[in-house]
Amino acid sequence: MTLTSHAPSVALPTAVNRLTADDDLFLKLHSLYGNALVNQLAWRFDEPLGRDLLDRFHAQLAQGFLARRVQTTRVPFARPYWVPAPESLPLGCDAVPVADDEVLDWYFAQSQVDFDPAAGLVWRLSAAPTTAGGTLVSLVTSHVASDGGAVLFAVGDALARLVNGEDPDRSASSGRLVGSAPRNTLSANLSDAGAQLRAVVKGIRAALATRAVTEPERTPRPTTPPLPLPERWSPADVVVQLELGQWNAVAATHSGTTNGLLIALGAGLLGRTDRVGDTADIRVDIPHSMRTANDPRANATTGLPISVRYNTTDRIDLGAVRTSVKRAATAYRYPATTPALQHLQPLQMLLPRFVLHHFARTAKAPECLCTNLGDTAQSVAAIGDHRAAAVLMRPVVCTGDPEMFRRVEVGVNLSFSTDGHTVTLAVTGADPDRFPTRTTLRTLLTAEFDCWGLTPHFW
């Protein structure tokens with residue numbers, strides 16, 4: 001694939017931006033599994049978008065916050081750091097129009113891209129016309145270099161500069177926050193290595209002090225005869241839209257919140273597959289952004305795990321969900337009530353790759369992941385003078401070996417966003433024996449919506 005080269009227009013800042021523990025973890029997972037999980041920001045437009053507009057959008061992104069690469073260090077224990085990416089994957093423009101019933105397949109196909117964090121090839125913008133005369137746009141990003149908040153920040157800055165007619169300029173855009181190499185590389189890396197060793201000692205002490213603090217347990221995936229599936233299987237995915245007014249009314253009727261209903265739907269969907277039994281406690285992981293203004297971090301998200309009781313004969317208790325979320329948010333706010341494993345992140349960064357390979361054999365993926373983006377996606381809904389009819393942001397679990405999905409016990413992912421009137425919900429079922437096809441997922445999800453009195457409109 002041909003690469004697009006971008007030269008910075010002015011001198012870069014001198015600040016060194018080291019990888020965080022989350023960046024490091026995603027980088028190591030990338031070395032093990034490749035692009036098993038990517039993030040996608042997607043737009044649906046009712047009108048055509050010109051190639052020139054998309055080229056200018058791409059050029060802004062190529063000088064912005066996403067345009068970064070990993071610079072490794074030779075000093076033991078010193079963290080790698082981010083530097084500007086000198087090149088990017090080119091804009092992908094499909095000429096063949098996409099039909100309405102092919103939209104989800106087109107979006108999923110855009111996730112099939114080989115990212116290279118060391119080269120800075122960590123994002124890809126693509127577009128295609130639709131048979132109805134509109135345009136589909138996709139931005140797929142590597143989780144190594146950006147979480148959802150970083151993507152929204154980078155895209156928001158790029159779109160604002162596009163509207164204002166500003167030239168792509170790393171030093172004047174969000175790209176200035178990426179960072180650069182230290183002036184005295186050896187001295188800076190030795191200093192960071194020392195700081196990391198001190199952080200490890202501090203983390204171990206904190207972990208020992210909080211060793212009695214525990215996280216909610218996972219519900220083990222029961223062993224069942226595997227379904228006959230191809231060697232390369234794509235997780236089932238659907239996108240559905242609902243009226244926000246109806247969503248909130250249902251939540252209020254059952255003494256819950258907008259977020260609580262999302263969590264209940266995810267847990268209820270998993271329960272309907274018979275993966276968990278009656279009165280089982282399902283662990284639900286809730287991403288929570290820690291990003292601040294002008295935050296240089298690629299990943300600045302923490303997770304709040306809660307336990308949700310599933311009942312085969314009744315809806316999930318939204319009041320109990322609300323209490324669990326509040327309790328978890330309070331506990332993770334203070335070091336003394338944060339589980340020990342969280343304090344060991346500095347130690348995790350020092351683990352060599354062969355040790356991570358050992359732990360990866362028993363590592364587990366979230367059984368239920370529920371991401372509530374609120375209305376944040378609406379800040380990036382317009383590209384130039386064109387406002388999207390729908391904006392979608394979601395994690396994409398890419399095509400892989402069904403045995404790998406079984407081994408890591410992945411379950412369901414839900415991603416919620418709204419424009420103030422309509423809810424857009426992206427759902428992925430990645431358990432190959434519970435969600436073998438998109439039809440299976442849609443049938444189970446429809447039954448869960450019916451249970452709550454919600455009216456879905458599927459893409």
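Visitor: Which residues does Phe449 touch, not counting residues up to four places away in sequence?

Guide: Contact means heavy atoms within 4.5 Å. Phe449 touches Val240, Leu242, Leu265, Leu425, Leu454, Pro456 and Phe458. This is a predicted model, where local features need pLDDT of at least 70, side-chain atom pairs count only at pLDDT 80 or more, and totals for chains, interfaces and linings use all residues. Residues are numbered from 1 along each chain as its sequence is written, and side-chain values use heavy atoms, with hydrogens and water left out.

Visitor: How many residues has the largest nonpolar core?

Guide: In soluble globular proteins, nonpolar side chains tend to be buried together. A nonpolar core is a set of buried (under 20% relative accessible area, 1.4 Å probe, protein chains only) Ala, Val, Leu, Ile, Met, Phe, Trp, Tyr and Cys residues joined through side-chain atoms within 4.5 Å. Here the largest has 46 residues. Phe449 is one of those with the most contacts inside it, as are Trp247 and Leu261. Helix 7 (residues 258-272) gives the largest share, eight residues. Another core, of 43 residues, lies apart from it and includes Leu41 and Leu152.

Visitor: What is the order of the open sheet of five strands?

Guide: Strands are DSSP runs (E, at least two residues), and helices are H or I runs of at least four, numbered from the N terminus. Two strands pair if DSSP finds at least two bridges between them. The order is 7-8-9-3-16, with mixed pairing. Strand 7 (92-93) and strand 16 (390-397) are the edges. Strand 7 runs parallel to strand 8 (residues 123-129), joined by two bridges. Cys93 has Ala127 as its bridge partner in strand 8.

Key: Buried means under 20% relative accessible area, exposed over 50%, partly exposed in between (1.4 Å probe, protein chains only).
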